[in-house]
Amino acid sequence: MEYISTRGQVTGKGFIETVLMGLADDGGLMLPAQIPMVTAATLEQWKTLSYEELFLEIFALYINDEIPREDLRELVRRSYSSFRTPEVTPVHKVHDSLYILELFHGPTFAFKDVALQFMGEFYSYVSKKQGQIIHILGATSGDTGAAAIQGVRGKEGIKICILHPHQKVSKVQELQMTTVQDENVLNLSVKGNFDDCQGVIKELFADLDFKSQYHLRAINSINFVRILAQTVYYFYAYLHIEQSGQSSKVNISVPSGNFGNIFSGFLAKKMGLPVNKLIIATNENNILERFVKTGEYRPGGFKSTYSPSMDIQVASNFERYLYYLLGEDAVQVSEYMAQLKERGAIVIRPEDLAKVQADFAAYGTSNEQCLEIIKSYQSEYDYLLDPHTACGIAAYEANQEPDEVTITFATAHPAKFNEAIELTGIEQQFPEPIARLSSMPQYQVVVDNDKAEIVNQLEAFYTLKG
């Protein structure tokens with residue numbers, strides 16, 4: 001198994017080197033040169049595996065034995081020991097045609113924990129084994145930051161800086177990041193939106209001298225290990241439904257902002273997981289929905305919504321999908337990405353749009369509809385949805401056919417987004433780890449949306465002894 005860049009100038013890399021690289025040195029995103037296939041017979045064998053066992057089997061297809069299996073087993077065990085359920089990502093049946101995959105049982109109550117708890121253990125493992133300094137740099141629309149910080153806080157040989165958009169994440173998301181006092185953690189609250197934060201991150205990773213000097217490593221989903229770790233729960237959910245005796249076609253509806261989570265599903269499907277439809281659920285920042293329906297990818301005006309983790313205009317992982325859509329043509333991918341930078345849009349050919357519509361369905365949910373979904377599912381099924389999951393449910397309802405079963409991903413616990421829940425008139429009980437956050441002091445630095453100011457903060461933090 002070798003790894004290559006979507007833009008064709010980086011090839012022949014191993015797994016660990018790929019993960020440490022993060023963003024490819026040519027500005028592209030790393031992918032396996034060939035996707036391993038999983039047969040129907042293998043899927044049948046995997047039905048009885050626990051989540052951790054399934055993780056080991058899937059990763060074994062990608063890591064070239066660069067991590068000995070027993071070492072990997074221990075990393076996985078530690079990664080999921082803090083989850084509140086032994087299933088890690090349990091499946092909840094709502095009714096005969098709808099299941100919810102609960103991805104919020106990790107330490108920060110969001111789906112990002114599933115991948116980032118492992119990434120924290122992985123980086124710590126590499127740091128100790130190779131004697132490497134690891135400085136993690138990332139941007140978050142809310143959940144990545146808290147999960148990444150939780151994964152590496154206090155770990156020797158690692159420092160982490162997270163940029164988040166000032167006052168554009170939920171209060172709980174902010175508190176989960178900024179109440180961490182560990183010396184190896186820096187929170188920068190940027191006066192801008194998520195795309196501003198992400199833009200700075202991409203520029204710094206593209207500056208190879210800066211990246212090398214400060215030992216930068218990526219925690220965002222530009223890093224392939226995030227994609228691969230998320231692929232595991234697609235297999236887990238599908239196999240769980242199969243075990244329940246369902247014979248219908250199985251769709252998966254995924255709240256999507258940065259395209260990483262839905263791309264993990266696309267990868268699972270290319271590996272051989274027989275999913276019927278992958279449904280992209282968005283909010284009023286519905287760039288991805290418009291792309292699926294029209295073939296035009298054009299970031300537009302930013303809107304604040306009740307589902308802020310999806311308030312994203314420029315989806316980093318879109319480039320990975322574009323690579324496969326264009327027949328693994330790295331030259332064409334590079335041309336399209338240059339067009340996006342220069343003209344602010346990509347328009348694909350009609351024949352490629354047909355392929356997109358064969359790969360995905362999509363639906364954008366309004367703020368008002370989001371709240372109505374939350375109220376109706378609480379009333380009818382006694383199940384409280386967070387606003388992102390509500391968008392996933394709306395997309396399921398808009399795309400469901402009579403002979404289909406849909407698994408909708410619950411990407412966060414509703415307690416993380418009480419601002420939206422309160423608008424429905426529902427009063428929820430906060431889990432104790434979230435309830436105590438409001439009484440804790442915060443540690444963050446508010447900065448302007450200015451690359452030079454951000455770089456000054458990073459240089460001081462990464463060179464600080466301790």
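This is a predicted model: local features need pLDDT of at least 70, side-chain atom pairs count only at pLDDT 80 or more; totals for chains, interfaces and linings use all residues.
Helices (H or I, at least four residues) and strands (E, at least two) are DSSP runs, numbered from the N terminus.

Both E404 and K277 are buried, where buried means under 20% relative accessible area, exposed over 50%, and partly exposed in between (1.4 Å probe, protein chains only).

## Pairs within helix α4

Helix α4 (residues 69–80) holds E70 and R73, which are three residues apart, about one turn of the helix, and which form a salt bridge with 3.4 Å between the closest N and O atoms. E70 is exposed at 54% relative accessibility, whereas R73 is partly exposed at 35%.

E74 and R77 are likewise three residues apart in helix α4, about one helical turn, and their side chains meet in a salt bridge of 2.7 Å, N to O. E74 is partly exposed at 29%, and R77 is partly exposed at 41%.

## Network and total

A network of salt bridges links E74, R77, R78, E121 and K155, and the count for the model comes to 25 salt bridges.

## Basis of the values

Residues are numbered from 1 along each chain as its sequence is written, and side-chain values use heavy atoms, with hydrogens and water left out. Local features need pLDDT of at least 70 and side-chain atom pairs count only at pLDDT 80 or more, while totals for chains, interfaces and linings use all residues.

Methods: A salt bridge is a side-chain nitrogen of Lys or Arg within 4 Å of a carboxyl oxygen of Asp or Glu.
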